[in-house]
Amino acid sequence: MTLTATATPGKSLISPTNHALVLIDFQSQMAFATKSIDATILRNNAALISRGAKSFGVPTILTTVAEKSFSGPMFSEVTEAFPGQKLLDRTSMNTWEDAAVIEEVNRIAKPRIVFAGLWTSVCIVGPVASAIDQGFEAYFIADACGDISTEAHERAVQRMIQLGAVPMTSLQYLLELQRDWARGETYDSTTGIAKQWGGAYGLGVTYAKTMFGASEGH
């Protein structure tokens, strides 16, 4: 049998319309004990994916645990990307066991869900395992998650992969949404996000545009 290639994206790739993003417990108290990733990098990556989702119109759920009584406010890097959006506060460690969150998941009605937040071994594993069990496709942004130790984070990542979840990184998430530099309507936004929160890649974008007016789409 001869295979014929076509210029079309793989079905497993993320697009702005084929998933919902769930951002979980990016909160002060949770961050204090996070040791698997530097807090500055974690906040940066949270900002990167939040701005990316907002730019591409990805339906996004923001959820906290015990915001007023224990865990504190959600990172401003996240909430500033979604001004005025309600935060769904929970008592459950497993987001998927909260009725208000599930109501929002069902309202959005996407079969693929991307997760990120704190901590990987509890607040990400729980909803990922539960979503997969109910027939959803689950992805998680590994470098926008963190845990109390590198061991805890890595074992959680392994567990989710064994369950069938797909790991991603923050910059990968943004660039997979863009995917083609000829998409002019989001080009400036994507490169702008990269310049501010894309680390060394963002520096490269800044350099190329400043020094010789480079543009990937031409």
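Student: How many residues does the largest nonpolar core have, and which have the most contacts inside it?
Tutor: In this predicted model, the largest nonpolar core has 60 residues. Those with the most contacts inside the core are L23, F26, F115 and Y173.

Student: Which strand gives the most to this core?
Tutor: Strand β5, residues 137-146, gives the most, with seven residues.

Student: Where do nonpolar side chains tend to be in soluble globular proteins?
Tutor: They tend to be buried together.

Student: Back to Y173. What is Y173 in contact with, leaving aside its neighbours within four places in sequence?
Tutor: Y173 is in contact with I14, H19, L21, I49, A53, V58, V114, I141 and M168.

Student: Which residues of helix α8 are buried?
Tutor: Helix α8 covers residues 170-178, and its buried residues are S170, Y173, L174, E176, L177 and Q178.

Student: And what covers the buried residues of α8?
Tutor: The cover includes the strands β1 (20-24), β4 (112-118), β5 and β6 (166-168). The helices α2 and α9 (184-197) are also included.

Student: What follows α8?
Tutor: R179 follows α8, and the phi of R179 is positive, near 60°.

Student: Let us look at strand β5 again. Is A144 buried or exposed?
Tutor: A144 lies in strand β5. A144 counts as buried because its relative accessibility is 0%.

Student: What does A144 touch?
Tutor: Not counting residues up to four places away in sequence, A144 touches F26, L42, N45, I49, A116, G117 and S170.

Student: How many residues apart in sequence are A144 and T120?
Tutor: A144 and T120 are 24 residues apart in sequence, and their C-alpha atoms are 9.4 Å apart in space.

Student: Now helix α2. What should its 17 residues span?
Tutor: Helix α2 runs over residues 39-55 and, at 1.5 Å a residue, should span 24 Å. The expected span is 1.5 Å times one less than the number of residues. The end C-alpha atoms of α2 are 24 Å apart, which agrees.

Student: Which residues of α2 are buried?
Tutor: The buried residues of α2 are L42, N45, A46, A47, L48, I49, S50, R51, G52 and A53.

Student: What caps the N-terminal end of α2?
Tutor: D38 caps that end, with a side-chain oxygen 2.9 Å from the backbone nitrogen of T40. Just after α2, G57 takes a positive phi of about 70°.

Student: Changing topic, where does D98 lie?
Tutor: D98 lies in the loop between β3 (88-90) and α5 (99-108).

Student: Which side chain of opposite charge is nearest to D98?
Tutor: That side chain is R90, 5.4 Å away. D98 is buried yet has no salt bridge. A salt bridge needs the nitrogen and the carboxyl oxygen within 4 Å.

Student: Which backbone nitrogen lies 3.1 Å from a polar atom of the side chain of D98?
Tutor: The backbone nitrogen of A100 lies at that distance from the D98 side chain. Leaving aside neighbours within four places in sequence, D98 is in contact with D89, R90 and S92.

Student: How many salt bridges does the structure hold?
Tutor: The structure holds seven salt bridges. One of them joins R107 and E104, with the closest N and O atoms 2.6 Å apart. R107 and E104 both lie in helix α5, three residues apart, about one turn of the helix.

Student: Is R107 buried or exposed?
Tutor: R107 counts as exposed because its relative accessibility is 58%. E104 is partly exposed, with a relative accessible area of 23%.

Student: What does R112 form with E137?
Tutor: R112 forms a salt bridge with E137, and the closest N and O atoms are 3.0 Å apart. R112 lies in strand β4 and E137 in strand β5, so the pair ties together parts that are 25 residues apart in sequence. R112 counts as buried at 5% relative accessibility, whereas E137 is partly exposed, with a relative accessible area of 36%.

Student: Which residues are linked with E154 in a network of salt bridges?
Tutor: E151 and R155 are linked with E154 in that network. The side chains of E151 and R155 meet in a salt bridge of 2.9 Å, N to O. E151 and R155 are separated by about one helical turn because they are four residues apart in helix α7 (residues 150-163).

Note on methods:
Residues are numbered from 1 along each chain as its sequence is written. This is a predicted model: local features need pLDDT of at least 70, side-chain atom pairs count only at pLDDT 80 or more; totals for chains, interfaces and linings use all residues. Side-chain values use heavy atoms; hydrogens and water are left out. Helices (H or I, at least four residues) and strands (E, at least two) are DSSP runs, numbered from the N terminus. Buried means under 20% relative accessible area, exposed over 50%, partly exposed in between (1.4 Å probe, protein chains only). Lys and Arg count as positive and Asp and Glu as negative; His and the chain ends are not counted. A polar contact is a pair of N or O atoms within 3.5 Å; within protein, one must be able to donate a hydrogen and the other to accept it, and residues adjacent in sequence count only if both atoms are side-chain atoms. Contact means heavy atoms within 4.5 Å. A nonpolar core is a set of buried Ala, Val, Leu, Ile, Met, Phe, Trp, Tyr and Cys residues joined through side-chain atoms within 4.5 Å.
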